[in-house]
Amino acid sequence: MASFADAPAGDSARGAKIFKTKCAQCHVVESGAGHKQGPNLNGLFGRVSGTTAGFSYSAANKASAINWGDDTLYDYLLNPKKYIPGTKMVFAGLKKPAERADLIAYLKESCA
C-alpha cells in the first residue's frame with residue numbers, strides 16, 4: 001500500500017465534492033455542529049480516535065487509539081473496516097489515491 005507521502009497533491013475543491021457525495025450524509029465539519037450517524041469531524045487532525053465528546057464510538061474505535069493525521073487518515077480511508085476491525089463505520093472506502101488526497105486536503109481546510 002502506498003503511503004500519503006507517495007500520494008498526489010490533494011485538491012480541496014475536489015475534496016469538497018467528495019465529502020458532499022460520500023461523507024456528508026453521516027458527518028459534519030462545522031465547529032459546534034452536532035453529530036450525525038458519524039461524529040462531527042471538526043478538530044479531527046491531531047485527535048485520538050474514539051474521543052469526540054458526545055458520540056458513541058465502537059469499542060474497536062476507542063481501543064485503536066489512532067492519532068489522526070495525514071498518514072493515518074489516508075490509510076484509514078482506503079478501507080475503514082480493515083484499518084479498524086469492528087468499527088461501526090459502514091463506508092467501503094476510497095480506492096483511488098487522488099480521491100483520498102483530495103478529501104484530506106478538504107478536511108484539513110474545513111476541520112481546523
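**View 1. Arg47 and the residues it touches.** Leaving out residues up to four places away in sequence, Arg47 touches Asn40, Leu41, Asn42, Thr52, Ile66, Asn67 and Trp68, where contact means heavy atoms within 4.5 Å. The model shown here and in the following views is predicted, so local features need pLDDT of at least 70 and side-chain atom pairs count only at pLDDT 80 or more, while totals for chains, interfaces and linings use all residues. Residues are numbered from 1 along each chain as its sequence is written, and side-chain values use heavy atoms, with hydrogens and water left out. Arg47 lies in the loop between helix H1 (12–23) and helix H2 (59–64); helices are DSSP runs of H or I with at least four residues, numbered from the N terminus. The side chain of Arg47 also reaches the backbone oxygen of Asn40, at 3.4 Å, a polar contact being a pair of N or O atoms within 3.5 Å in which, within protein, one must be able to donate a hydrogen and the other to accept it, and residues adjacent in sequence count only if both atoms are side-chain atoms. Arg47 is buried yet has no salt bridge, and the nearest side chain of opposite charge, that of Glu30, is 12 Å away. Here buried means under 20% relative accessible area, exposed means over 50%, and partly exposed lies in between (1.4 Å probe, protein chains only). For charge, Lys and Arg count as positive and Asp and Glu as negative, whereas His and the chain ends are not counted.

**View 2. Arg14 with Asp11 and Asp102.** Asp11, Arg14 and Asp102 are linked in a network of salt bridges, a salt bridge being a side-chain nitrogen of Lys or Arg within 4 Å of a carboxyl oxygen of Asp or Glu. Between Arg14 and Asp102, the closest N and O atoms are 2.9 Å apart. This pair links distant parts of the chain, with Asp102 in helix H5 (residues 97–110) and Arg14 in helix H1, 88 residues apart. Arg14 meets Asp11 in a salt bridge as well, at 3.9 Å from N to O. Asp102 is buried, with a relative accessible area of 3%, whereas Arg14 is partly exposed at 44% and Asp11 is partly exposed at 28%.

**View 3. Lys108 and Asp70.** The count for the structure comes to three salt bridges, and one of them joins the side chains of Lys108 and Asp70 at 3.1 Å, N to O. Here too distant parts of the chain are linked, since Lys108 belongs to helix H5 and Asp70 to helix H3 (residues 70–78), 38 residues apart. Lys108 is partly exposed, with a relative accessible area of 42%.

**View 4. Cysteines without a disulfide.** The structure holds zero disulfides, a disulfide being a pair of cysteine sulfur atoms within 2.5 Å. For Cys23, the nearest cysteine sulfur is that of Cys26, 8.7 Å away. For Cys111, the nearest cysteine sulfur is that of Cys23, 9.9 Å away. Cys23 is buried, with a relative accessible area of 12%, and Cys111 also counts as buried, at 2% relative accessibility.

**View 5. Aromatic pair of Phe4 and Tyr74.** A search of the whole structure finds five aromatic pairs, in which rings of Phe, Tyr and Trp (its six-membered ring) have their centres within 6.5 Å, with planes under 30 degrees apart counted as stacked, over 60 as edge-to-face and the rest as tilted. Phe4 and Tyr74 form an edge-to-face pair, 5.7 Å centre to centre with 70° between the planes. The pair links distant parts of the chain, with Phe4 in the segment before H1 and Tyr74 in helix H3, 70 residues apart. Tyr74 counts as buried, at 1% relative accessibility, whereas Phe4 counts as partly exposed, at 22%.

View 6. Pro39 is found in the loop between H1 and H2 and counts as buried, at 10% relative accessibility. Leaving aside its neighbours within four places in sequence, Pro39 is in contact with His27, Val28, Phe55 and Tyr57. Phe55 and Tyr57 are both buried. The C-alpha atom of Pro39 is separated by 15 Å from that of Pro80, 41 residues apart along the chain.

**View 7. Aromatic cluster.** Trp68, Tyr76 and Tyr83 form one aromatic cluster, and Trp68 is also among the residues that Arg47 touches.

Conventions. Helix = DSSP H or I, 4+ residues; strand = E, 2+ residues; numbered from the N terminus.
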